[in-house]
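Here is a short note to read alongside the model. Please keep the viewer open and check each point as you go.

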Amino acid sequence: MKRGRERKKESKTSSSSPPAKPKDLTQTLPDSGGMDELLEVLGYKVRSTDMADVAQKLEQLEMVMGEDGVSQLADTVHYNPSDLSGWYQSMLSEINNTGSDGVSSSADFDITLPGDASTTMIDFSNNNATNGQQTGNMYDDDPYDLRAIAGGAIYGVSSTDELLEGRNGIKRIKSAGSDEIIDVPPESPRPVVLVDSQEAGIRLVHTLMACAEAVQQNNMKLADALVKHVGILVASQAGAMAKVARYFASALAQRIYKIYPRESLEDLHMHFYESCPYLKFAHFTANQAILEAFAGAIRVHVIDFSLNQGMQWPALMQALALRNGGPPAFRLTGIGPPQPDNTDALQQVGWKLAQLADTIGVEFEFRGFVANSLADIDAGMLDIRPTDEEVVAVNSVFELHRLLARPGAVDKVLNSMKDMKPKIVTIVEQESSHNDAVFLDRFNEALHYYSTMFDSLESSALTQSNSIDLEMSEVYLGRQICNVVACEGTDRIERHETLTQWRTRMNSAGFNPVHLGSNAFKQASMLLALFAGGDGYRVEENDGCLMLGWHTRPLIATSAWQPGSVVE
């Protein structure tokens with residue numbers, strides 16, 4: 001009766017639906033054909049409506065295989081179509097057919113899986129699956145039975161006999177009913193089965209979600225067991241899925257064991273810029289809006305909330321230098337965090353830009369401000385000049401979401417923006433909802449988002465000669481994952497919100513949208529074709545804003561604004 005109840009519980013766990021699709025912008029995206037979105041992004045095609053059926057058949061297959069049904073498949077080759085349900089059914093049918101004839105084979109065998117799916121070999125021999133503590137009684141005593149997720153392959157001994165390893169490969173069996181020890185000659189290797197990575201991929205996603213749910217319920221004993229299983233399941237995966245799963249598992253482990261990550265000392269923006277088109281797209285679209293706002297101005301002033309290495313501004317300076325009638329005087333105010341070694345990184349960036357300006361004939365002035373938070377900066381510090389003397393632009397790339405960690409900080413910064421009297425404000429943010437108060441919802445959204453992001457990086461690797469940039473870009477995204485999942489309170493600064501949410505916030509603060517225009521869309525598409533190195537990237541226009549995504553999923557969004565009092 002107890003095993004029956006456990007199997008019912010396993011069925012519920014296995015048949016749970018994968019993470020829900022993101023709520024935002026789905027009405028504008030093409031129909032995915034009923035496929036589960038997250039698994040489809042990771043390269044697997046499983047219909048959402050088939051998940052319960054697949055889970056049920058998988059459980060049945062595990063039960064049969066656990067009863068030595070594996071040997072019944074010795075002479076059969078099973079192909080793995082996209083229809084997982086049909087594949088499981090064919091295996092069950094084969095076992096049932098051979099089982100009815102009483103035929104059992106101990107010959108070596110494998111299940112051949114054609115296609116690109118990676119596979120892993122799992123040894124079903126007892127000596128590899130047992131550590132002396134996992135006995136048959138663990139299922140009855142342990143309330144955290146994980147067989148529904150990880151399967152019987154990770155557990156070996158199912159009887160009460162104790163298996164001891166002797167010398168020279170001789171195994172010694174000690175019976176549970178007596179103290180007698182019997183020497184057993186070495187056996188021929190037990191069969192191994194090639195397990196489809198698609199099956200393991202489904203389990204991996206469900207295990208990550210189950211672990212996040214256990215964390216939300218503060219069931220850390222179960223969460224600890226589940227996060228360890230992720231390490232087992234991820235061994236059967238390769239490429240983007242394995243990488244993103246490892247980062248999420250690491251973040252969950254840090255949250256479970258309360259090992260809070262330290263702030264990294266290394267700036268990886270340059271690697272991310274070089275390896276994929278996201279920052280290039282952000283800089284280009286923002287620069288296009290700023291350039292149009294500066295048309296005809298004699299003196300211009302850019303206030304950059306995210307200077308970093310100043311990668312955005314050489315292109316704008318060159319465009320200004322080629323302007324009809326000559327370039328305007330260009331003033332740049334750069335804001336950045338303090339450096340751990342107390343070096344003046346902002347001034348170093350300003351010096352390099354000054355050298356460029358001198359080369360191309362642009363009058364240039366630079367001033368840097370070191371601040372722990374943008375909320376520490378107000379307009380009075382920036383020497384804002386009258387609008388009839390100087391046209392001001394405010395630029396923020398991947399910065400404003402960090403203010404949401406401090407109550408009232410974003411409102412303070414938006415009010416300061418209005419005091420700067422800008423003609424244009426350009427904002428680039430991640431197109432995702434990682435600021436949800438409910439941990440499980442936030443985890444679900446992050447798993448969708450970063451799975452897509454890593455998938456796009458995997459495609460970029462095909463055309464990238466510098467593997468270091470790609471590896472460091474993965475680390476760059478991995479730090480974000482860790483912050484979203486492992487941190488809380490003011491330590492959780494990666495609080496990304498969607499374009500819809502930023503629209504609401506900007507409108508409430510008294511800003512009006514500025515349409516980026518069809519010209520920016522066309523040029524961004526051309527830029528993407530030049531730098532992306534793949535056809536999976538997509539630019540789309542969304543009510544005057546531009547979005548860059550991978551296939552059907554938007555990943556970053558550029559918007560432009562101006563204070564309501566500004567008159568064109």
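1. Start with a term. A disulfide is a pair of cysteine sulfur atoms within 2.5 Å. By that rule, a search of the whole structure finds zero disulfides.

2. Cys-482 is in no disulfide, and its nearest cysteine sulfur belongs to Cys-487, 5.6 Å away. Cys-487 is likewise in no disulfide; for Cys-487 the nearest cysteine sulfur is that of Cys-482, at 5.6 Å.

3. Are these cysteines buried or exposed? Cys-482 is buried, at 11% relative accessibility. Cys-487 is buried too, at 6%. (Buried means under 20% relative accessible area, exposed over 50%, partly exposed in between, with a 1.4 Å probe and protein chains only.)

4. A note on the source. This is a predicted model: local features need pLDDT of at least 70, side-chain atom pairs count only at pLDDT 80 or more, and totals for chains, interfaces and linings use all residues. Residues are numbered from 1 along each chain as its sequence is written, and side-chain values use heavy atoms, without hydrogens or water.

5. Next, find Glu-390. It sits in the loop between β8 (364-370) and β9 (391-397). Strands are DSSP runs of E, at least two residues, numbered from the N terminus. Glu-390 is buried, with a relative accessible area of 2%.

6. Which side chains make polar contacts with the side chain of Glu-390? One is that of Arg-331, at 2.7 Å. Another is that of His-301, at 3.4 Å. (A polar contact is a pair of N or O atoms within 3.5 Å; within protein, one must be able to donate a hydrogen and the other to accept it, and residues adjacent in sequence count only if both atoms are side-chain atoms.)

Notes:
Helix = DSSP H or I, 4+ residues; strand = E, 2+ residues; numbered from the N terminus.
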